[in-house]
Amino acid sequence: MGNKKILLCDDDIIFMKNLKSKILNLSFNNFKIDIVTDNTFSFENSYDVYFLDINMPAVTGFELAKEIHKYYPEALLIFLTFHEEFCMKGYEYKAYRFISKYHLEEMLPKVIYDLRNHFRDLEQYINVKEDNHVILLPIRDIELIISEGNYLNFFKGKKGFLKRMKVKDFISQYTMENFIYTGRGILVNMRHVKRYHVESDEVIMDSGIHVNIGKKYKEQFKKQYIKRDF
């Protein structure tokens, strides 16, 4: 995965030092972590992940989030607060995750686990054939996977790439954090979901492909759609 960069921003220095120590322990030192306060925050350096306290005296985490995504659109934002009622509002700022400071011990391990999988996913490729040539298809670029007998059809945009493989084999070999079932043998990459029509239970992908969500998969899809990280 390589060392990814995290910035912690909070007006409580002691809390941040404690948080830094916990993250390093949970991530096996796979992250490089810096600490700033709301008074010393700067956009000069970019980070892969920002942990932002929502309530700070100089500037709020939401205000910082808005500016961060102007400079660094791909950065992941994780909000921290004692005010759990702000949870849903955080997703208006494309929050990757929300952590209640009251439940830090419970929530942080799952967040770090998800982060490690997220970055591992960005570095994964699968071998497929295109015009009799083998190419490397980035897992992150796959919008849709459809099982067709002994083959999987991997769609990058509207173009499909057939590979002799079972869904269970794909799941066992690759990080599946961003893929979710919408039907039997059908998985969509949540990164590429453009719109979700609740009334018709239909998903429209970035490429324009329409995917219907089966009744069995509807509730789980809704949960993932609400908390998606992009």
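## A loop aspartate and its surroundings

Guide: Aspartate 131 counts as exposed, with a relative accessibility of 63%; the cut-offs are under 20% relative accessible area for buried, over 50% for exposed and in between for partly exposed, with a 1.4 Å probe and protein chains only. The model is predicted, so local features need pLDDT of at least 70 and side-chain atom pairs count only at pLDDT 80 or more, while totals for chains, interfaces and linings use all residues. Residues are numbered from 1 along each chain as its sequence is written, and side-chain values use heavy atoms, leaving out hydrogens and water.

Aspartate 131 lies in the loop between β6 (125-130) and β7 (133-138); strands are DSSP runs of E with at least two residues, and helices are runs of H or I with at least four, numbered from the N terminus. Its phi is near 50°, a positive value in a residue other than glycine. Most residues other than glycine have a negative phi.

Aspartate 201 also has a positive phi, of about 50°, although it is not a glycine. That residue is found in the loop between β13 (193-197) and β14 (202-205). Aspartate 201 is buried, with a relative accessible area of 15%.

Elsewhere, five strands form an open antiparallel sheet in the order β10-β9-β8-β12-β11, where pairing requires at least two DSSP bridges between two strands. At its edges, β10 (159-164) and β11 (179-183) each pair on one side only. Within this sheet, β8 (144-148) and β9 (151-156) pair over five bridges, and tyrosine 151 in β9 is the bridge partner of glutamate 148.
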